[in-house]
Amino acid sequence: MADSTPINFVKHIETYVDSSSSKSPAHQDASLDAIAKLLMNDMITLESLVREMGMYLTTTDNIIRARGILLLAELLTRLSSKSLENATIHSLIGFFAERLSDWRALRGALVGCLALMKRKGDISKSDATAVAQSFMQNLQVQSLGQHDRKLCFEILECLIDCYPDTVMTMEDDFVYVICEAIDGEKDPQCLLLTFHLVEIVAHLYPDSSNSLASYAEDLFNILGSYFPIHFTHPKGEDDVKREELSRALMLAFASTPLFEPFAIPLLLEKLSSSLPSSKVESLKYLSYCTVKYGPHRMLQHFELLWSSLKDTIFSSGQSDNKIASESLILLKNLIQQDDGKLVNLILNDADITSTLKSLNTTVPDQQRINAIGRILHVSATSSIASCNAIFQSFFSDLVTQVSDRPNFGCLYICVELLSACRSLFMNHGGPTSLNHNNNEQPWCIMLHSLCDKLTSSLVKSIKESSEDACSQSGVEGLKILALFPGSFMGVSKVIFESILVEFVSIIVFKFDNGVLWGSVLKALSEIGSFIEESHDFEKIPSFDVIVVEKMVGLLSDDDSSMPFSLKVKAVSEIGTINLKYMMKIVEELNKSVITSLHKSWIDGNSKSAEHAMLLLECYDNKVLPWFQNVNISDDVATNFALKIWEQIEEDITLFSDTHVEKKLLEATTDTMKNAVASCSSENQTKILDKSFTILSSTFKVKKSNPVNLIISLFDSVIIALHPKTHVKNPKIILQILTESLTNGHIPSSHALGSFFNKIPSKESIDISFIQLTKSCSNVNEIVGLSWMGKGLVMRGDEKVKDVIMFFLDFLISNSSQDQEMMRAVADSFSVMMSDSEKCLNKKLHAVIKPLYKQRLFSIVVPILQSSIVKSDSVITRSMLHRALAHVISNAPLSAVLGEAKKLIALMLDGLTILSEDVENRDILYNLLLVLSGILTDKNGEEAIVENVYIIVRCLSKLVAYPHMMLVRETAIQCLTAMSELPYARVYPFRQEVVQALSKALDDSKRSVRQEAVKCRQAWASISSRSLHI
């Protein structure tokens, strides 16, 4: 093998160097990899390789020399992890540095230099200097191609990063080379490197360096020409995003304070641009650069910056949120840097001071008020000193104006200042610590002295103002005061309690104002949540007594004129604050639910029924989900379910004769179902045992089937069971459910399906199947069988085939039977294939085997297909098509596409037959949607092309379907899609389609007319398409 190795690598060299068309790039890359592998495995040495390549590296043939040098360079790139001898590295780097003057072989020289320069520890200072000098003497970067320019920038980057001492010795020359290299660059990938080059070279030289200072203006002039980044580059896989370029340019702008005299004027100029994107970019750059340049350099620009910022914030409306937010970020950065100069500019600004003084005498511009509020808010949150200054200048006068005559302007500014000082306190003190420094600040002392007056004014604005904006500001202000922690001396406990009393009063008595009521309830919830999260033990007792106890008592307070729906909403909202409150609420909810249900069930009280439904809805939508989200035990759900059954158990005789209003019955059963579903298997067993005992007792009382209420609740329990739940009496339960279903109680079919899905046993399945199919005398039994089949097919039980064959035999052999029964059998396939919210879903713990719909589709479709072909009865064919439509409509489109060639003709036949009966309109529409899916999927194109004629004929008829607008609209959309099919296949039907569309152009529905116009244009344009053969 040693003898053959040199021969092998020589062949690989020749393959790579050979530039003839017979050698593909793939072959050359393979040769490169093979040589690299030999070198990595020490089967050949780099020295022997260079000797063997000597001719290729020095030949006068420019192409061969370029390929040879590139081969050596690429090999060095692949050998980056392999150690090389110092003498070898020195020799190679000298060779590649010298070859930078060979413009015909430049690519290889650049790659070789970069590969070696990245070996930081192996390159001497003299070698790095040699590369740098050769680069500066021989290369005009901007005259090169994109890839070579990129390599040049990477070499410069490597020199700065890895050999800073070498770069520093070159001083002005190196900075000049950088300027010359990057000037005029337009490629995004190269620009990313150039911006980074400027950043790192600026970091390399100190601010006092003459080398950088002398070229600072030139460098920035080059950078400034790219601001703001405007992208016209076509998108590709390796494209640089605009955000990346903008970020890189911003870092370059901020890389040295020497750019400040040039950057700030440019950015301020661009800030006045009419383009929103330019404004946003300017503000981002200013925010970043001001921090990097430092306050001593930025101080001279403060007046111009404030003037520009003020104009920008004042002119930015609701649609300019990005501009306003970036402006405020910049404002905050500036305030946090200076010693008070910018705050003084704000305090002495004529526009701000005159507006604030005239709030009670004139009607100021809403946009200006919002702008001033935001400016003062940000200024006050920036530092304690700025907060003190703003409070001392404005707060006292604002509170006086509010107390004299509440108006939105004063209220809004006051609330903004309150919000700002609370944010400042929380950031400097926090809710869990007493911060004496904050409490002794002038703003805190001033707020403490004015708090009573301010609170009274805010309450007054809520009670007396007819403007929603004023009352909302009042609520917001009171909420902020209440959200100060107990450690804050500015808001006393008395003030806090008075705010809670006022809020509770609004909840109980001012419910006519829905907006105000909702905002107060939300405020109470936020206050309670804050107290809970901050463990504010000073305020918790007050909140418990004033708010929670009052809310809990609302449900049992019959004297209150407050609507019961609002009582329930308020109680449930407060309950979500913490577990302690929720448990109190649940206890009261349970009492109210039982009382309301009892009055409704026994006395037939309609008001109690309404209350019960509201309470059950609250339980279902708020209480149970809350306990599931906080991941606490299921005792609440278990107790709720057991209490309902215990209430029934107290007087079974009375409940056995009770007729429950339908809506209340649905609400009760739905809540029972969801409550049981959220319980553990052990607790479900308790509930099941209790319900079964009561259900058995009703048989003894009535000596017949249990009544609607009790069996419906029992159905809900069965539907919600977990597969692991232990069932003690499965045979008796199945018998009860089957008899209930036979006697017309349809919800028992859902329970039956759930039972077979989760608690299957071959004996039980056989018994129920025989019992239901023995007579099959009514629709209820068909429905029961369909849900039984659904439960079995979802778990992948083979017994489902017996159910399916029974249905198919029934359709085929009973054409003279009652059509209602046949329709029910056909619709059973919809039950088995469709998803259900009522039962047999993940939420209710159904056993769901993957791809069960596909399996049912593959079983049923071939049988239905052959049965339709063989059937001579019009009624039977119609029902078979109805069944097939259900199966196809509910199957995944991918399954239908796989059988599209076989199904298209059947589907079109089905569309025609189903369109003859108005009762089939929904099924017709669903089947048409599947056809639309096939039309628009590439995998269905072949089947469509083969059946163009019959598809056009069918769709042309459906364009005028009178019973459903969606059918007409979808049919037209399908015709539009067909216009994209091959010219030769669709052109012959152009006139037929255009004629069919003429009726749709006068359709009574606008959407149909619009689709008809689009379709006619699409088919009319077919004539202009060329026929390619």
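User: How many residue pairs are in polar contact between domain 1 and domain 2?

Analyst: Six, with both residues at pLDDT 80 or more. A polar contact needs N or O atoms within 3.5 Å; within protein, one must be able to donate a hydrogen and the other to accept it, and sequence neighbours count only through side-chain atoms on both sides. This is a predicted model: local features need pLDDT of at least 70, side-chain atom pairs need 80 or more, while totals for chains, interfaces and linings use all residues. Numbering starts at 1 along each chain as its sequence is written, and side-chain values use heavy atoms, without hydrogens or water.

User: Which elements give two or more residues to the side of domain 1 that touches domain 2?

Analyst: Helices α18 (302-315) and α19 (321-337) do. Helices here are DSSP runs of H or I, at least four residues, numbered from the N terminus. α18 gives the most, with seven residues. By class, that side of domain 1 has eight nonpolar, four polar and three charged residues.

User: What are domain 1 and domain 2?

Analyst: Domain 1 spans 256-333 and domain 2 spans 338-460. The bounds come from an automatic or database assignment. Their centres, taken over C-alpha atoms, are 24 Å apart. The contact (heavy atoms within 4.5 Å) takes 15 residues from domain 1 and 19 residues from domain 2.

User: What area is buried between domain 1 and domain 2?

Analyst: About 1700 Å², with carbon and sulfur atoms giving 69%. That is accessible area (1.4 Å probe) lost on putting the two parts together, summed over both. In domain 1, Phe302, Trp306 and Phe314 lose the most area to domain 2. Together they make up 40% of what that side buries.

User: Why is the pair Lys310 and Asp351 called a salt bridge?

Analyst: The N to O distance between their side chains is 2.8 Å. The rule asks for a Lys or Arg side-chain nitrogen within 4 Å of an Asp or Glu carboxyl oxygen, so Lys310 and Asp351 qualify. Side chains of opposite charge can pair when their charged atoms come close. Two salt bridges are counted between domain 1 and domain 2.

User: What makes Lys322 and Glu326 a salt bridge?

Analyst: Their closest N and O atoms are 3.6 Å apart. That falls within the 4 Å limit, so the pair counts. Lys322 and Glu326 are four residues apart in helix α19, which means about one helical turn separates them.

User: What is the mean pLDDT of the chain, and where does pLDDT stay under 50?

Analyst: The mean is 86, and 92% of residues reach 70 or more. pLDDT is the predictor's confidence in each residue, from 0 to 100. Residues 431-436 stay under 50. Where pLDDT is low, predicted coordinates should not be read in detail.

User: Which residues does a cis peptide bond join?

Analyst: Phe227 and Pro228, with omega about -10°. Pro228 is in the loop between α13 (210-224) and α14 (242-253).

Key: Ala, Val, Leu, Ile, Met, Phe, Trp, Tyr, Cys and Pro count as nonpolar, Asp, Glu, Lys and Arg as charged, and the others, Gly among them, as polar.
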